[in-house]
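Q: Hi! I've got a structure open and would like to talk through a few spots in it. Can you help me out?

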Amino acid sequence: MVGAYVDAPRDDKPGGDTPRNGLPRGTTARTARIAALPLAFGGRAVAGWGRRLAGADADAVSAAMMERNAEQLFAVLGQLRGGAMKVGQALAVYESMMPAELAEPYRRALVRLQAQGPPLPARDVHRVLDEQLGRQWRTRLPEFDDVPTAAASIGQVHRARTAQGRPVAVKIQYPGADQALETDLRVLERFARLFTLIVPGLDARAVMRELRARTLEELDYRAEADHQRAFAAEYGGGEHLHVPAVIASAPKVLVSEWLDGTSLARIIGQPADDGADLHAHDRHGHTIVETMFSSPVRIGLLHADPHPGNFLLLADGRLGMVDFGATAAMPGGIPPVLARTLRHLADGEREQMMALLRAEGFIHGDVGPDDVLAYIGALADPLRVPRFRFDRAWMAAQGARVADLRGAAYRETGRALTLPADHLVFLRVLTGWMNVLAQLDCTVAVRGIVEKWVPAFAEG
């Protein structure tokens, strides 16, 4: 299966904010649902305090409260879809940075959110196909499953078969997705502090700004199709990676080769119990890292949506890569100055690093190398050894470090560093995949991959 599908309640009541033919759109109602979350969390905290005073076990009360908070948060984000669900998916990447006592209930809710969402009714699916592919689409897709196999933030996927008998995945954008995205991203930025309750130390406003910059680009499936074609041409028949071919595209519909596979998000939830499992996890981690560092050089593009739902484990052991809506153009490859900065970080060349950053105008003010190393030094951890193990303990330590550095000095360091947009995009994607790899628990020869595919890093 390419994804999971679970039916969920729809708000079709008169006066509600969910029209029968698309996403919830009403700004007031969407805002109210999100605004109710911190109130509910606070109410549960007070109730839990009362139960503890009455003699209830503190750990049991806290666990139950966190589980209910997780369920409510991601139920609301999932039902709203649009930008709200996109934020939930972005938070899923940071699950390994959560405090240990929070991780399990939130992990379950996050994994469900990555693959589930309320489905669009069949009549509305057919209407979108009529508008986008023409009323003759049924002759081109004589077999079409009205029940979606995956329902996500701005669209859902259906299985179909072409007139030639080829199985395909038909990705259909929800009507009103553009309005919902704009509404959600504006509203959620006002409630950004809510998400620091889940991931302490998260710069939630920075996450929201980044989401705003890239999610609106995902609305044009023709651009996504072009990105997917470029990846498929270069990686489509690879030994460890496969990218499905594009069959047809329109602004709100994308038809691709069907892939049978298991989402990497589900594999993450299964511990590696033996050597074969560990080897497979290492191989998948290697494939992800090599694709991230090689694609800017090979095709001038970077897949910019780091979450495990974008990779499928295929029957032949390869990974299938999907969803190219968030793709950053990097025609010159990874910026050489960024590569050299990472090399200086990895090799402990503090003065060379500072001289480079100042020469490029990327740092100003009275900030020393210790400040910079505390701020971004962990990005180079995988580059300091021949093989690096990404695991939850390492990522949790990074989360704790970030949480400890939220004071004024840390904020001053962040303000003193001014990086161009293409640098920031790559660092965000790198950070996101480091979190995913930590959830996968794998060992990867990152330095060798980077030396192979990033000439400026190898040159030093």
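Q: Is Arg343 buried or exposed?
A: In this predicted model, Arg343 is buried: its relative accessible area is 17%, and the cut-off for buried is under 20%.

Q: Okay, and which helix does Arg343 lie in?
A: Arg343 is part of helix H12, which spans residues 336–346.

Q: How far apart are Arg343 and Arg447, in sequence and in space?
A: They are 104 residues apart along the sequence, while their C-alpha atoms are 9.7 Å apart.

Q: Back to H12, then. How many of its residues are buried?
A: Nine of the 11, so the rest of the structure largely encloses H12. Besides Arg343, the buried residues include Val337, Leu338, Thr341, His344 and Leu345.

Q: What covers the buried residues of H12?
A: Several helices do, among them H13 (350–359), H14 (369–376) and H17 (421–440). Helices H18 (446–453) and H19 (455–459) are also included in that cover.

Q: Let's take H13. At what angle do H12 and H13 pack?
A: The angle is about 160°, and their axes are 8 Å apart. That angle makes H12 roughly antiparallel to H13, since anything over 145 degrees counts that way. The crossing of H12 past H13 is left-handed.

Q: Which residues in H12 and H13 meet there?
A: From H12 you have Val337, Arg340, Thr341, His344 and Leu345; from H13, Gln352, Met353, Leu356 and Leu357. By type, the contact has five nonpolar residues, three polar and one charged.

Q: And what about the backbone just after H12?
A: Look at Gly348 there: it takes a positive phi of about 70°.

Q: Switching topic: how many residues are in the largest nonpolar core?
A: It has 66 residues. Those with the most contacts inside this core are Met292, Phe293, Leu302, Phe311, Val372, Phe390 and Phe426. H17 supplies the largest share, with 11 residues.

Q: What does Phe311 touch?
A: Leaving out residues up to four places away in sequence, Phe311 touches Leu241, Thr262, Ser263, Leu264, Ile288, Leu319, Gly320, Met321 and Trp433.

Q: Last one: which residues does the second core include?
A: Val125, Ala160, Ile172 and Tyr174 are among them; this core is separate and has 18 residues.

Key
Residues are numbered from 1 along each chain as its sequence is written. This is a predicted model: local features need pLDDT of at least 70, side-chain atom pairs count only at pLDDT 80 or more; totals for chains, interfaces and linings use all residues. Side-chain values use heavy atoms; hydrogens and water are left out. Buried means under 20% relative accessible area, exposed over 50%, partly exposed in between (1.4 Å probe, protein chains only). Helices (H or I, at least four residues) and strands (E, at least two) are DSSP runs, numbered from the N terminus. Contact means heavy atoms within 4.5 Å. A nonpolar core is a set of buried Ala, Val, Leu, Ile, Met, Phe, Trp, Tyr and Cys residues joined through side-chain atoms within 4.5 Å. Axes are lines fitted to C-alpha atoms, for helices over the stretch in contact, and angles run from 0 to 180 degrees between N-to-C directions. Angles under 35 degrees count as roughly parallel, over 145 as roughly antiparallel, 65 to 115 as roughly perpendicular and the rest as oblique. A crossing is left-handed if the near helix is turned anticlockwise from the far one by less than a right angle, and right-handed if clockwise. Ala, Val, Leu, Ile, Met, Phe, Trp, Tyr, Cys and Pro count as nonpolar, Asp, Glu, Lys and Arg as charged, and the others, Gly among them, as polar.
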